[in-house]
Amino acid sequence: MSLPPILFGGILPVREDGRPSVRRLIRSGEKTSTPWRFELDEDGWYELVERLRDDPITFMGLWCDGVRIHALFSENIPGGDSRLRPLMASLVPDGPRYRGLSSVRSAASPFERMIHDLWGVEAMEAVDVRPLVDHGAWSANAPLSARAVPSSEGAASFVFEAPDPTVTDRGMILPYGPATGGMEGPVHHRLGVVGGRIRTVETAGGFAHRGVTARMVGMTPAAAVELAGRISATATVAHQWTLCMAVEHALGVMVPPTAQCMRAVLAEIERIHTHLTWLARTAQAARADLVMGRLYRARETLARLCASVLGKRLLVDTIIPGGVLLSGRPAEGAELGLPAAMARLADEIAAFDEREFPEIRALWLASAGLMEVLSGAGHVSREEAETLTLGGPVGRACGRGLDLRESYDAYGAVSLRTPVRTQGDALARSLIRFDDIAESLRLLAAFARELEGRKDEGPGEVCAPVPAVLERAAGYGAVEGPSGPVCHCVTMQEGRIAQVFVADPAAILSMTLEKALSGARWEEFDVVKCSFGVSAAAADL
């Protein structure tokens with residue numbers, strides 16, 4: 001199976017106080033055709049929020065389909081097991097309001113804001129009611145709602161909180177964003193600075209919102225997967241693999257082991273490419289130009305290797321429902337079968353560990369100015385990471401070592417070693433990226449040996465047929481992307497996408513970045529931001 005093991009039995013132990021656990025409460029709701037989704041009434045939803053105050057269940061996401069509000073949870077098995085147990089609670093709200101979750105699960109805040117902007121459904125008791133993607137420039141308010149009405153004409157406006165009195169009296173406001181003359185991404189940061197230290201941070205996004213999930217509705221799985229590859233340039237393989245996984249789970253497709261291995265190779269290459277990008281940008285922000293140049297050169301070498309074997313520098317559209325598709329390969333690789341071509345690529349990239357990578361890492365560690373700037377900057381505590389269930393380099397730099405790859409069949413024979421550090425600062429996040437690259441290079445060497453033994457397999461071992469199922473079916477997928485877990489939920493109807501939910505770690509990382517910047521020196525802003533590696537496109541969807 002391409003889907004990480006999903007368990008529906010067993011109970012995660014919680015403190016008993018006479019009330020049911022969140023898991024039992026959700027399962028007491030009305031059953032649906034999806035074995036892991038249950039419908040609650042208003043009283044049940046109210047009690048769900050109350051129970052979330054002290055229940056250890058992991059929050060995954062919140063979204064609206066126009067009729068219902070859905071909350072997705074996942075129980076991690078005690079002892080560090082990364083296997084997932086998806087559990088979804090649904091509510092038909094009585095009017096355009098529902099009880100929000102952000103007061104007890106702060107990670108729900110960006111989802112609540114997105115629901116309000118797109119559907120016009122308000123989260124009561126929400127901790128943040130600022131617009132997330134709608135800043136008054138759209139032609140309609142709540143455009144996905146059946147109650148959508150034309151918006152009043154006028155220029156787009158951004159709602160910022162009143163400046164902190166201390167900032168007003170003794171400080172200044174510093175804007176950073178796409179209109180300030182630099183090379184910043186499509187997100188605006190408003191910093192309140194007092195005595196050279198950042199006291200307040202406000203983030204205004206939405207510039208990169210493209211309505212991805214709404215556009216997927218009605219698409220065939222193949223077309224939706226193609227669009228998923230455009231969610232974020234730094235996680236195109238992760239999103240395409242995740243959506244394929246959800247579709248395959250819904251339709252009962254068994255992905256061949258060779259295709260699973262090839263998907264893992266593509267994911268590790270993307271992980272290396274993304275880490276090199278963010279390390280280079282971090283070095284650039286710290287004015288370590290020599291280190292930056294070596295990192296960008298390494299990334300270019302990686303892209304050229306991909307082009308020489310696969311016919312494309314970037315790995316977009318290499319994963320399709322049922323398996324993989326490597327089209328447009330050049331003449332020198334045309335005579336190779338797909339497993340052999342992938343084995344060759346993995347082996348050539350793995351050789352990077354013997355040549356350039358150790359030199360780049362040594363250069364980074366020897367750059368005293370760079371190390372000084374990163375050390376202690378943008379600290380995130382272990383408690384904060386636990387509260388927001390942070391994963392990827394940011395979470396692992398705080399001591400959270402959960403890694404979804406541990407449950408993949410493709411990684412079963414390669415003994416994954418997930419790097420973990422505990423300092424929680426920009427330096428730890430950067431070193432985690434170096435550790436991740438080293439581990440990915442080791443994994444690629446192992447995958448190359450495995451694929452070499454499968455080089456004579458035919459097309460049927462690279463892509464399984466995907467049936468045209470007309471009945472309604474739901475599926476769930478989760479992949480360890482370069483920045484953390486990427487999750488998709490999908491409902492199929494008559495062979496097309498009827499509903500889809502996408503959760504990328506970027507939205508939560510953006511929240512965490514705001515908190516990590518508080519108290520930092522204002523000149524550390526760019527370094528801390530780059531160390532987080534937040535994709536504005538993925539946050540805005």
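**Stop 1: two helices against helix 16**

Select helix 11 (residues 338–350) and helix 16 (residues 426–452): their axes lie 8 Å apart and the packing angle is about 150 degrees. Keep in mind as you look around that this is a predicted model. Angles over 145 degrees count as roughly antiparallel, so that is the label for helix 11 and helix 16. The crossing of helix 11 and helix 16 is left-handed.

Now show side chains. On the helix 11 side, the contact is made by Pro339, Met342, Ala343, Ala346, Asp347, Ile349 and Ala350; helix 16 answers with Leu441, Leu444, Ala445, Ala448, Leu451 and Glu452. Colour the residues of this contact by type and you get 11 nonpolar, no polar and 2 charged.

Helix 12 and helix 16 pack at about 170 degrees, with axes 11 Å apart, so helix 12 is roughly antiparallel to helix 16. Pick Phe357, Ile360, Arg361, Trp364 and Leu365 in helix 12. The residues of the contact between helix 12 and helix 16 split into 10 nonpolar, 1 polar and 2 charged.

**Stop 2: the core**

Which residues have the most contacts inside the largest nonpolar core? Select Trp45, Leu48, Leu62, Leu101, Leu295 and Trp364; the core itself has 161 residues. Helix 8 (residues 257–285) gives the most to this core, with 13 residues.

Zoom in on Leu101. Leaving aside residues up to four places away in sequence, Leu101 touches Trp45, Val49, Leu52, Phe59, Leu62, Ala71, Phe73, Ala108 and Glu112.

From Trp45, move along to helix 2 (residues 42–51), where Gly44, Trp45, Leu48, Val49, Glu50 and Arg51 are buried.

**Stop 3**

Most residues other than glycine have a negative phi. Go to Arg287, in the loop between helix 8 and helix 9 (289–310), and you'll find a positive phi near 65 degrees. Is Arg287 buried or exposed? With 72% relative accessibility, Arg287 counts as exposed.

Finish at Leu541, in the segment after helix 19 (536–540). Its phi is positive too, near 50 degrees, but Leu541 counts as buried because its relative accessibility is 13%.

Key: Residues numbered from 1 in each chain as written. Predicted model: local features only at pLDDT ≥ 70, side-chain atom pairs only at ≥ 80, totals over all residues. Heavy atoms only, no water. Axes fitted to C-alpha atoms, helices over the stretch in contact; angles between N-to-C directions. Helix = DSSP H or I, 4+ residues; strand = E, 2+ residues; numbered from the N terminus. Parallel < 35°, antiparallel > 145°, perpendicular 65-115°, else oblique. Left-handed = near helix turned anticlockwise from the far one by under 90°. Contact = heavy atoms within 4.5 Å. Nonpolar A, V, L, I, M, F, W, Y, C, P; charged D, E, K, R; others polar. Buried < 20%, exposed > 50% of the residue type's maximum accessible area, 1.4 Å probe, protein only. Core = buried A, V, L, I, M, F, W, Y, C linked by side-chain atoms within 4.5 Å.
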